[in-house]
Protein chains: 2
Amino acid sequence: MRVKNLAELEKILARKRTLTTKAESVIDAPEKVDVPQLRIIGLDVALRCTGWGIIDARAHNKQAAVDCGVIKTDSKAAVSECLRRLAGGVRELVELYKPDIAAMEGGFFCRNVRTAVVLGAARGVVIATLAEKKIPVHEYAPRKIKQAICGFGNASKPQVALLVSQMLNIQTDKMAFDSTDALAMALTHAQLLNIAQGIGIPDPI
Amino acid sequence: MRVKNLAELEKILARKRTLTTKAESVIDAPEKVDVPQLRIIGLDVALRCTGWGIIDARAHNKQAAVDCGVIKTDSKAAVSECLRRLAGGVRELVELYKPDIAAMEGGFFCRNVRTAVVLGAARGVVIATLAEKKIPVHEYAPRKIKQAICGFGNASKPQVALLVSQMLNIQTDKMAFDSTDALAMALTHAQLLNIAQGIGIPDPI
């Protein structure tokens, strides 16, 4: 750009200076936006007793418990009835708490094919219900969950419950292990989100 | 019973005769009620390609084909997407054709636990969707289906398709084996209903 005289150049430089100062002031200003928050639902799926736990994950590895419980069906109920109630229960939870993402156990080892088919049925129902509500599902191996929560892969259920209680600052004495396990799954996902910008997180299934 | 005189005995005998004749006439009367009809949906469940076939079963072992097809998902689609579409597909079929009862394959043998979990997931989704619509599901072992349709338990898929085509009087040349297998499942249930008043039918799952 060519200017005709010095006065014009002075004007342009003055304008530029003002713009730069403004931009810098914007960068230096403290962040006043809301801290993004992710609501995660953890699900410990089984045919007759599915544990669930919901947490809110915030920046700087801070998590808060929202609610937890179990979806239970009678031991005499037919398989089809159990699956119907499981689907209905998960649908109700999603409508009530509106989670953004779900974490489940996967890659487990099960010797009996018949058991695998039944457990697979319960898992399928939960995954399909979450998919209908457009909630991505992430799977974690049981060992990875125990490692993320307790630091070692062979932790027992009471050990997992103790660490969950410490991390979320809640009482877990009277909770079913299905619920604390579900909270542990949600916490695993929240923790991996904080490590190296979530590089360790597997793709949703 | 003791009678006082012959006249009284005559009276009693006459009354009995009238009653017997009435009862016989009721039995001999031709059935004028509508022939009950049962709509059966057969489902050959898999994760990415589920065959379905619907028949109307009438008295005297008469069956008529209603419709058949496959619920297919892309081979690259995620597991959760496949399960979501499967649930949606079955729900649509039930709303469109309003079947009374469903027949599925069960008690199969599968060596790989991972495959069993995936197949179980698809089965679970279908069973839960049918249970939500209050449709009872009956399971039949693959061997039992082949025996009911072809007369021997080792029949191949083309043999099953051929017999299905003859029993329902339809062309099955251009149909997928998933569809003909599904029709075979529905036919198995219809045939067992006609044998000894359905004694061989297993309880719904």
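Predicted model: local features only at pLDDT ≥ 70, side-chain atom pairs only at ≥ 80, totals over all residues.
1. Start with the fold of chain A. Chain A has six helices and five strands, and reading from the N terminus the order is α-β-β-β-α-β-α-β-α-α-α. Of the 205 residues in chain A, 39% are buried. If you look at contacts in chain A between residues at least 6 apart in sequence, 66% of them link residues at least 24 apart.

2. Next, see how the two chains sit together. Turn chain A by 180°, with a shift of 0.0 Å along the axis, and it lands on chain B with an RMSD of 0.0 Å. That makes the relation one of a two-fold axis. As background, two copies of a chain are related by a rotation about an axis and a shift along it.

3. Now for the interface itself. On the chain A side 25 residues take part, and they contact 26 residues of chain B. Two elements of chain A, α2 (79-97) and α3 (113-132), each give two or more residues to the side that touches chain B. The largest share, 15 residues, belongs to α3(A). By class, the chain A side splits into 18 nonpolar, three polar and four charged residues. The copies meet through the same surface, because 100% of the interface residues of chain A are also interface residues in chain B.

4. Have a look at a helix pair inside chain B, too. Packed helices are described by the angle between their axes and the distance between the axes. For α2 (residues 79-97) and α3 (residues 113-132) of chain B, the axes come within 9 Å and cross at roughly 35°. The crossing of α2(B) past α3(B) is right-handed. On the α2(B) side, the residues that meet α3(B) are L83(B), L86(B), A87(B), V90(B), R91(B) and V94(B). Their partners in α3(B) are A121(B), A122(B), V125(B), V126(B), T129(B) and L130(B). Sorted by class, this contact has 10 nonpolar, one polar and one charged residues.

5. You'll find A141(A) in the loop between β5 (137-140) and α4 (142-150) of chain A. Is A141(A) buried or partly exposed? A141(A) counts as partly exposed, because it has 15 C-beta neighbours inside 10 Å, while a buried residue needs 20 or more. Leaving out residues up to four places away in sequence, A141(A) touches G106(A) and G107(A). M104(A) is 37 residues away from A141(A) along the chain, and their C-alpha atoms are separated by 8.6 Å.

Methods
Residues numbered from 1 in each chain as written. Chains lettered and ligands numbered in written order. Contact = placed C-beta atoms within 7 Å. Helix = DSSP H or I, 4+ residues; strand = E, 2+ residues; numbered from the N terminus. Nonpolar A, V, L, I, M, F, W, Y, C, P; charged D, E, K, R; others polar. Buried ≥ 20, exposed ≤ 12 C-beta atoms within 10 Å, placed from the backbone. Axes fitted to C-alpha atoms, helices over the stretch in contact; angles between N-to-C directions. Left-handed = near helix turned anticlockwise from the far one by under 90°. Least-squares fit on C-alpha atoms with pLDDT ≥ 70 in both.
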